Amino acid sequence: MKRLLSIIALVVACQASATNMWYVSRSAAPGGDGSSEAPFQSIQSAIAEASEDDIVKVGPGTYDQDEIDDGYMKSRVVITKRLTLEATGRKDETFIVGRKSSAADGYGADAVRCIYAGGHQATIRGFTICNG
């Protein structure tokens with residue numbers, strides 16, 4: 001009986017900590033649900049749906065479309081939870097591209113940073129991150 005209770009407790013614990021995978025493709029059709037069959041078009045859409053410890057898998061492409069205001073400046077990607085952001089292609093195929101400011105020093109109000117993680121424990125793998 002003790003062994004059966006231990007097995008049940010282990011199964012319940014594993015179900016409670018299930019990790020979801022969300023998918024992003026730059027060439028996806030609008031209105032995707034983040035599944036591998038109907039991925040989101042933007043990284044930020046997947047992050048918005050993800051929960052703590054989820055994995056966001058990002059297909060090859062250049063991601064430069066979002067501009068999220070995090071209260072300090074604009075960013076392409078804002079991570080507000082512990083998750084993994086992972087490119088499915090090679091790093092020379094998957095880019096998150098910011099934008100330098102038109103100001104002489106490159107830090108004006110029109111600049112867009114690539115990623116803001118705000119102290120959250122995010123793991124980011126396999127990207128080329130440039131211009132911000």
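Is Glu-67 buried, partly exposed or exposed? In this predicted model, Glu-67 is partly exposed, with a relative accessible area of 38%, where buried denotes under 20% relative accessible area, exposed over 50%, and partly exposed the range in between (1.4 Å probe, protein chains only). Because the model is predicted, local features are reported at a pLDDT of at least 70 and side-chain atom pairs only at pLDDT 80 or more, whereas totals for chains, interfaces and linings use all residues. Residues are numbered from 1 along each chain as its sequence is written, and side-chain values use heavy atoms, with hydrogens and water left out.

The protein chain averages a pLDDT (the predictor's confidence in each residue, from 0 to 100) of 84, and 83% of the residues score at least 70. Where pLDDT is low, the predicted coordinates should not be read in detail.

The protein chain contains 2 helices and 10 strands, which are arranged from the N terminus as α-β-α-β-β-β-β-β-β-β-β-β; helices (H or I, at least four residues) and strands (E, at least two) are DSSP runs, numbered from the N terminus. Of the 132 residues, 35% count as buried, and the chain exposes about 7,900 Å², of which carbon and sulfur atoms supply 53%, as computed by the Shrake-Rupley method with a 1.4 Å probe. Among contacts between residues at least 6 apart in sequence, 63% join residues at least 24 apart.

An open sheet of 3 strands has the order β4-β5-β8, with mixed pairing, two strands being paired if DSSP finds at least two bridges between them. Strands β4 (68-69) and β8 (112-116) stand at the edges, each with a single partner strand, so one side of each is left without a neighbour in the sheet. Strand β5 (residues 74-78) pairs with β8 in the parallel sense over 4 bridges; the bridge partner of Ser-75 is Arg-113 in β8, and that of Val-77 is Ile-115, also in β8. Strand β8 is mostly covered, with 4 of its 5 residues buried.

In strand β7 (residues 94-97), Thr-94 counts as buried at 0% relative accessibility. Leaving aside neighbours within four places in sequence, the contacts of Thr-94 include Val-58, Gly-59, Pro-60 and Gly-61, together with Phe-127 and Thr-128.

A search of the whole structure finds 1 aromatic pair, for which the rings of Phe, Tyr and Trp (its six-membered ring) must have centres within 6.5 Å, with planes under 30 degrees apart counting as stacked, over 60 as edge-to-face and the rest as tilted. The pair is formed by Trp-22 and Phe-40 and is stacked, at 6.2 Å centre to centre and 25 degrees between the planes. Trp-22 lies in strand β1 (residues 21-24) and Phe-40 in the loop between β1 and α2 (43-49), so the pair ties together parts that are 18 residues apart in sequence. Both Trp-22 and Phe-40 are buried. Glu-49, in helix α2, touches both Trp-22 and Phe-40, not counting residues up to four places away in sequence, and is itself partly exposed, with a relative accessible area of 45%.

The search also finds 10 salt bridges, each requiring a side-chain nitrogen of Lys or Arg within 4 Å of a carboxyl oxygen of Asp or Glu. Asp-53 forms a salt bridge with Arg-82, the closest N and O atoms being 2.6 Å apart; this pair links distant parts of the chain, with Asp-53 in the loop between α2 and β2 and Arg-82 in the loop between β5 and β6 (84-87), 29 residues apart. Asp-53 has a positive phi of about 70 degrees although it is not a glycine. Most residues other than glycine have a negative phi.

Arg-125 forms a salt bridge with Glu-86, the closest N and O atoms being 2.6 Å apart. Arg-125 lies in strand β9 (residues 123-125) and Glu-86 in strand β6, so the pair ties together parts that are 39 residues apart in sequence. Arg-125 is partly exposed, with a relative accessible area of 42%, whereas Glu-86 is buried, with a value of 17%. The side chains of Glu-67 and Lys-74 likewise meet in a salt bridge (3.9 Å, N to O), and Glu-67, Lys-74, Arg-76 and Arg-99 are linked in a network of salt bridges.

Note on methods:
Contact means heavy atoms within 4.5 Å.
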